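Hi everyone, thanks for coming. I'd like to walk you through one model today, starting with its packing and then turning to its backbone.

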Amino acid sequence: MAPTTTSEKREIPLRSRIFADLTPLRSSADYRRLWCGNTISWMGQQMTALAVSLQVYAITRSTFSVGLVGLCSLVPLVIFGLYGGAIADTVDRRKLGLYSAAGATAMSITLATAALAGYHRVWLFYTVVALQAVCFAMNSPARTSMIPRLLPTEQLPAANALNSLTSNLGLMGGPMLGGVIVGLWGYQAAYLIDVVAFSGSLYAMWRLPSMRPDQGEGPRRRASVLDGLRFLATRPNLRMTFFSDMAAMVLAQPRALFPAIAVLWFAGDAKTVGLLVAAPAVGAVLGGLFSGWLGGIRRHGLAILIAVASWGAAIACFGLSRHLWLGLFFLAVAGCADTVSMVFRSTMLQAATPDAMRGRLQGVFIVVVAGGPRLGDFLAGSAADLTSPATAVIGGGLACVLLVTGLGLGRRAFARYDARDPQP
């Protein structure tokens with residue numbers, strides 16, 4: 001593809017260079033249905049996640065029991081993420097996405113039925129949450145690896161920015177909406193709305209054409225998880241996308257310290273903790289809304305390095321702040337930087353990976369995204385206990401900047417990665 005000329009750039013409307021680029025939604029009816037269905041169903045899933053936590057606490061009055069809900073979700077995501085990707089590289093991805101979405105719908109129906117029948121057994125919630133995670137681990141690699149088949153390569157950054165907007169709006173708005181619905185009409189209402197919301201995802205998958213992975217001219221063979229890991233081991237640019245994300249999520253993840261920080265730094269309470277948790281999500285949503293300029297960037301590797309370093313610097317600045325609104329500003333900047341990093345990491349995975357391997361690498365992506373922040377929570381909590389919250393936050397942010405700088409210097413070809421010639 002020839003580089004974009006100055007005259008071509010002038011033809012791009014100013015609105016498209018500032019706000020989220022909607023070209024993928026206009027150019028592909030299949031992608032439009034997939035995006036709309038995922039947006040609706042993701043909002044419903046986040047409502048259900050909050051309702052489950054509230055109901056488990058109402059039954060047990062134990063925060064430990066509520067914490068087990070997260071563990072029941074994390075373990076299947078990590079275990080089945082890799083295998084879900086391998087399956088997505090073997091079967092028709094449309095059918096895998098359809099069946100896994102149907103399975104998730106069945107889990108929401110189970111929760112709604114139990115709530116309507118007054119069945120209050122905690123084991124049921126743990127089982128359903130674990131099975132929901134299995135469905136997600138199967139659905140996500142299939143759905144994500146389909147996008148490069150629905151859109152031209154130059155539209156992938158815009159599509160990933162739209163996907164990040166879906167994710168962050170759901171994470172921010174789903175729990176708020178779920179809390180209101182549970183308060184007004186009970187748990188069963190949230191679960192029933194989730195069942196209806198899944199119809200959007202099911203309809204989108206139903207309308208898609210067959211999406212068998214492209215395995216070339218040779219005989220079709222079973223996709224192996226180990227083959228996917230071996231492929232990743234020999235593709236330095238793709239490996240760097242994971243290393244850079246781990247640098248941010250493991251070294252500079254202050255989320256576990258928010259309750260202590262709210263009290264010690266800002267003399268706040270639970271509402272202050274809520275603001276701290278929401279600030280990165282607000283920044284991420286703003287990053288998605290004002291993402292039109294991302295489509296003009298070709299040096300995706302360099303953009304990832306700068307975005308991850310910006311995350312670390314913003315977290316370190318947050319560690320130095322003792323005024324709440326200034327701290328919230330730095331957390332929002334970090335969230336915006338994370339969106340930019342995610343857009344280009346996802347685009348590189350989609351554009352530089354052969355279609356026959358996309359599912360497996362998306363499975364690795366799920367494991368990193370699910371496991372990295374949890375490991376970061378453990379590291380931040382341990383460091384704060386050994387030193388102080390300030391040392392843990394500032395040190396983690398600076399360590400992230402130093403590590404990603406070292407990664408960039410050690411792999412200079414990653415910084416030179418050009419989207420017009422994607423090399424894994």
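This is a predicted model: local features need pLDDT of at least 70, side-chain atom pairs count only at pLDDT 80 or more; totals for chains, interfaces and linings use all residues.

Arg61 has a positive phi of about 55°, although it is not a glycine. As a reminder, most residues other than glycine have a negative phi. Is Arg61 buried or exposed? Arg61 is exposed, with a relative accessible area of 61%.

Ala267 is not a glycine either, and its phi is positive, near 50°. With a relative accessibility of 72%, Ala267 counts as exposed, since the cut-off for that is over 50%.

Now to the inside. Which residues have the most contacts inside the largest nonpolar core? They are Ile261, Leu276, Trp311 and Phe318, in a core of 57 residues. The element giving the most to this core is helix H15 (residues 324–351), which supplies 11 residues. Apart from this core lies another one, with 21 residues, including Ala114, Val122, Ile181 and Val182.

Let's zoom in on Leu276. Setting aside neighbours within four places in sequence, Leu276 is in contact with Phe258, Ile261, Ala262, Phe266, Phe318, Leu324, Leu328 and Leu331. In soluble globular proteins, nonpolar side chains tend to be buried together.

That's my tour, and I'm happy to go back to any of these views.

Definitions and conventions
Residues are numbered from 1 along each chain as its sequence is written. Side-chain values use heavy atoms; hydrogens and water are left out. A nonpolar core is a set of buried Ala, Val, Leu, Ile, Met, Phe, Trp, Tyr and Cys residues joined through side-chain atoms within 4.5 Å. Buried means under 20% relative accessible area, exposed over 50%, partly exposed in between (1.4 Å probe, protein chains only). Helices (H or I, at least four residues) and strands (E, at least two) are DSSP runs, numbered from the N terminus. Contact means heavy atoms within 4.5 Å.
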